[in-house]
Amino acid sequence: MAAPPSTPEAGPTFAVGIEILPYQLVAVLLDSSGGKLGMRRWPIVDMETATVIDQVATATVELVGTTLGIPLPDPRITIGVQIGGPVSTKDGVVLAYANHPTDSLYAGRDYHWREPVPLADLIRRETGCPTVVENDGAAFATLEKHYGVGQETSSFAVVLVRDGVGGGIFLNNRLMTIPFEFGHIKVQPEGRWCVSGDRGCIDAYAGRRAVRAIAGEVIGAESDLESIEAAIAVCEEGDIEARQVIAAFRQAGAAVGHGIATVLSLFGLSHMVIYGLREMVDPRSGRKAAEAFAAGLNSFPSLTYPLYRSAQVITRAMDVADGAQAAGLVAVDRLIRTCN
Ligand SMILES: [Zn+2]
């Protein structure tokens, strides 16, 4: 059971962290030091902004109500949200949000927020709680600041390998609120088409969406493989198709490695952290796909400025609650620690 609620006169004390994903959200409740008190997942019936905001409010009310017994609004409760699109950090406006969900369950249910959405304001209005909204890469960098390499270095970056590829960066202990379009660093002139409308981006080789498409092409399937798990499974089969799909995972790792080399040379970082599906990015999983990804990734030193070739590149399996916890920590940093 959670810590007892503090007195109503207290300032902001708890943060609800919410990760908005295609057709679902994950929410955690954190105390003021970032400790996790509760976690839940909810489906979202459609990805219209009004539906998403309504579900964020419902999730917050239920999680806070069942864990702490506090009805909303309440001055002790803050909300941090993360979303996989560019965000204006100072006012929590989502500048664009689109996705082509890779899960075959949602095939054909692409969505696109074409106009900027003042998501922080809209959630604040719906819940009565102070709210911050951050891009997923920046949120994961905040998670890493609190619990990862941020404990040993002041300057590092994270890379997220999800449907697409994104990232975030801390320099001298400050989260950089700059566009950090890691996934759209160009690694192959005239290469594969990217969802950004450009060619040869990292995203076009290394995101789960891209790997599924490439794997489908190399084995001559009529469409993309139905899931990244299916592509990972093909790699274990030992035939010529398996070798071709393994090559696609190696290419994915090499694309990320190329981007890492670029970022290391630009910022002189000591550490970079890659978050992704365990069976894709972590060779300790024993999967051939992950071994191939790691082999591709390890090409980065030859492309890096010599001084930074010894930087540590660490891979982490992305756990289901990591994104929500990361979002909650953004609220802890901006709405709780700065107030109390
Ligand atoms: Zn691109």
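These legends describe close-up views of a predicted model. Local features need pLDDT of at least 70, side-chain atom pairs count only at pLDDT 80 or more, and totals for chains, interfaces and linings use all residues. Residues are numbered from 1 along each chain as its sequence is written.

**View 1. The five-stranded open sheet.** The strand order is S3-S2-S1-S4-S9, with mixed pairing (strands are DSSP E runs of at least two residues, numbered from the N terminus; two strands pair if DSSP finds at least two bridges between them). Strands S3 (36-43) and S9 (131-135) are the edges, each pairing on one side only.

**View 2. The S1-S2 pair.** Strands S1 (residues 14-21) and S2 (residues 24-30) run antiparallel and are joined by seven bridges. Gly 17 stands opposite Val 28 in S2.

**View 3. Surroundings of Ile 18.** Beyond its neighbours within four places in sequence, Ile 18 is in contact with residues including Leu 25, Val 56, Ile 79 and Ala 327 (contact: C-beta atoms, placed from the backbone, within 7 Å).

**View 4. Helix H9, mostly covered.** Eight of the 10 residues of H9 (residues 288-297) are buried (helices are DSSP H or I runs of at least four residues; buried means 20 or more other C-beta atoms within 10 Å of the residue's own, with C-beta atoms placed from the backbone). Among the buried residues are Phe 293, Gly 296 and Leu 297. The cover includes helices H6 (228-234), H7 and H8 (278-281), and strand S14 (312-317).

**View 5. The two domains.** The domain assignment gives domain 1 (14-135 + 321-336) and domain 2 (163-317); such bounds come from an automatic or database assignment. The C-alpha centres of domain 1 and domain 2 lie 27 Å apart.

Conventions: Contact = placed C-beta atoms within 7 Å. Buried ≥ 20, exposed ≤ 12 C-beta atoms within 10 Å, placed from the backbone.
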